[in-house]
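This briefing is for a reader who is new to the structure shown below. It goes from the whole protein to single residues and pairs.

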Amino acid sequence: MCLFQRTSKTHSSSSSSSTTISSRMINCVLLSVFISLVYLLVSLSRFQSKDTINAYFLSSQDQPHHQSLTTINHIVFGIGSSIKSWPARRDYVKLWWDAQRMRGCVFVDLPLSSLVNYTDSHLLPPVCVSEDTSRFRYTWRRGDRNAIRIARCVLETVRMFNTSSEEVRWYVFGDDDTIFIPENLARTLSKYDHTSWYYIGASSEIYHQNLLFGHDMAFGGGGFALSSSLANVLAKNFDTCIERYPHLYGGDSRVHACVLELGVGLSHEPGFHQFDVRGDALGILTSHSARPLVSLHHMAHIDPIFPNSTTFSAVRHLFSAVELDPLRIFQLSVCYDRWHSWTISVSWGYAVQIESRHLFLRDVLRTQKTFRPWKNSGGLASVYTFNTRDIHRDPCQRPVTFFMEHVSSSSPSDGTIKSVYKQAYQNCTYDPISSPRKIEEIRVFSTRFDPDIRQLNAPRRQCCDILQTSSNGGKVLEIGIRECKEDELIYMHP
């Protein structure tokens with residue numbers, strides 16, 4: 001704009017006029033350079049502001065965190081108990097506790113009697129006496145104020161271990177009758193970044209229980225996990241938080257309420273089992289999720305899961321399979337016998353069932369109602385949170401069930417695991433040609449199941465085949481379990 005300014009008429013010489021024009025041109029160039037510098041500085045400031053804003057939002061997002069798999073060594077356990085229940089339940093804890101690798105504490109209300117001298121205490125977690133909770137109010141009518149003490153196991157456990165020289169990634173809590181499958185727990189937690197805030201568990205199997213206490217609450221009997229980053233912050237404000245909730249029933253309700261106040265919701269993992277059922281749990285156990293079994297609960301309130309056993313010996317028998325292939329336990333594979341039109345379902349390490357008819361896979365996966373609800377009050381108390389199918393009143397019309405007798409592993413180079421299942425006797429008449437009752441034993445062959453994180457996040461059920469190696473006049477059936485082919489479908493082939 002400077003170059004087009006009009007100049008005044010003068011009577012000076014031509015040299016004076018030339019000098020004036022040159023001076024104005026220099027001034028205009030300098031002004032243009034100044035304006036350009038100002039524009040550049042403003043632009044850079046704006047870009048820097050955008051970068052700062054972007055950095056702010058990126059820092060608040062959960063970024064991928066590359067880390068090694070979580071192992072049992074990274075987990076600390078807090079187990080709620082009492083001097084009344086611990087003597088009867090300690091043997092269950094001993095089934096899954098590894099004193100060489102695990103850390104944690106069993107919290108009781110009073111010191112154990114000095115007259116009790118257990119010779120196997122070194123095989124169990126140490127026993128800790130809970131702090132006094134008399135200053136906290138508890139107003140649930142006919143409830144148990146021990147719920148406050150159990151809730152504070154979270155605080156006391158974190159205080160005890162958050163300064164440990166060994167890395168703590170997760171804090172896991174349960175009752176003294178919660179039975180964990182440690183390897184499966186660690187592998188399940190490996191899916192999550194412990195530096196982010198996670199509250200992991202599962203709700204009840206009964207709709208009414210969830211209605212009362214929360215559909216989005218991890219029920220304490222099934223166990224729940226807190227990432228160490230969340231647990232450390234939760235512990236700082238836990239006592240002041242639970243003072244706001246004297247009206248809640250259980251310890252798990254208080255933990256849930258305080259986690260919610262931190263803005264964290266439940267990450268649901270179906271491998272945690274509250275087990276709010278009674279009677280025969282066969283139906284639930286033979287329709288387990290494709291995700292690993294993490295915990296069981298209330299085993300003393302259901303029938304022994306294996307016939308001709310006590311409750312404890314049945315659980316101990318189950319662990320003989322868990323020790324060989326923990327991630328496969330209860331994993332369901334379904335195959336079909338076209339010749340007999342049988343539907344065969346293998347719940348590995350537990351039971352094999354044969355239906356003498358063709359069932360679509362979606363119907364096999366429905367849970368057989370072999371059990372009854374926690375309370376027989378009818379209404380919503382009898383409504384389950386999963387799909388069910390009724391069982392025939394006549395036991396002889398039900399699937400033929402074979403229970404695991406033993407599991408063995410061949411040489412390490414081969415890696416084959418053989419599990420043997422024997423028929424549970426029923427006094428039934430049957431056709432010796434077409435009925436599956438003619439089979440006395442089923443042998444299942446598999447390899448150790450070792451899914452990676454990608455497979456755990458997107459699990460796929462494995463396939464099975466009836467092997468052409470049956471022997472003993474058709475009294476033995478052999479089955480192989482394998483990964484399904486990419487485009488393989490599970491159905492009765494024509």
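The protein has 13 helices and 21 strands, where helices (H or I, at least four residues) and strands (E, at least two) are DSSP runs numbered from the N terminus. This is a predicted model, in which local features need pLDDT of at least 70 and side-chain atom pairs count only at pLDDT 80 or more, while totals for chains, interfaces and linings use all residues. Residues are numbered from 1 along each chain as its sequence is written, and side-chain values use heavy atoms, with hydrogens and water left out.

**Overall packing**

- Of the 494 residues in the protein, 47% are buried; buried means under 20% relative accessible area, exposed over 50%, and partly exposed in between (1.4 Å probe, protein chains only).
- Among contacts with a separation of 6 or more, 68% are between residues 24 or more positions apart, a contact being heavy atoms within 4.5 Å.
- The accessible surface comes to about 26100 Å², and carbon and sulfur atoms hold 53% of that surface; the areas come from the Shrake-Rupley method with a 1.4 Å probe, and for residues only the protein chains shown count as cover.

**Helix α7**

- Helix α7 spans residues 228-236, and its buried residues are Ser228, Ser229, Leu230, Ala231, Leu234 and Ala235.
- These buried residues pack against α4 (153-161), β4 (170-175), β6 (199-201), β7 (224-227), α8 (238-242) and α9 (251-261).

**Positive phi angles**

- Most residues other than glycine have a negative phi.
- Arginine 142 is not a glycine, yet has a positive phi of about 60°; this arginine lies in the loop between β3 (127-129) and α3 (146-151) and is exposed, with a relative accessible area of 76%.
- Phenylalanine 330 also has a positive phi, of about 70°; this residue lies in the loop between α11 (311-322) and β11 (332-337) and is buried, with a relative accessible area of 0%.

**Aromatic rings**

- The whole structure holds 22 aromatic pairs; rings of Phe, Tyr and Trp (its six-membered ring) pair if their centres lie within 6.5 Å, and planes under 30 degrees apart count as stacked, over 60 as edge-to-face and the rest as tilted.
- Phenylalanine 213 and phenylalanine 219 are an edge-to-face pair, 6.4 Å centre to centre with 75° between the planes.
- Phenylalanine 306 and phenylalanine 403 are edge-to-face because their centres are 6.2 Å apart and their planes at 70°.
- Phenylalanine 306 lies in the loop between β10 (295-296) and α11, and phenylalanine 403 in strand β17 (residues 400-409), so the pair ties together parts 97 residues apart in sequence.
- Ring pairs link Phe77, Trp96, Trp97 and Phe180 into a cluster.

**Salt bridges**

- There are 26 salt bridges in the structure, each a side-chain nitrogen of Lys or Arg within 4 Å of a carboxyl oxygen of Asp or Glu.
- Aspartate 239 and arginine 135 form a salt bridge with the closest N and O atoms 3.1 Å apart.
- This pair links helix α8, which holds aspartate 239, to the loop between β3 and α3, which holds arginine 135, 104 residues apart.
- Aspartate 239 is buried at 16% relative accessible area, whereas arginine 135 is exposed at 53%.
- Both residues belong to a network of salt bridges that links Glu131, Arg135, Arg152, Glu156, Arg159 and Asp239.
- Glutamate 269 and lysine 191 meet in a salt bridge of 2.7 Å, N to O.
- Glutamate 269 lies in the loop between β8 (266-268) and β9 (277-279) and lysine 191 in the loop between α5 (182-189) and β6, so the pair ties together parts 78 residues apart in sequence.
- Glutamate 269 and lysine 191 are both buried.
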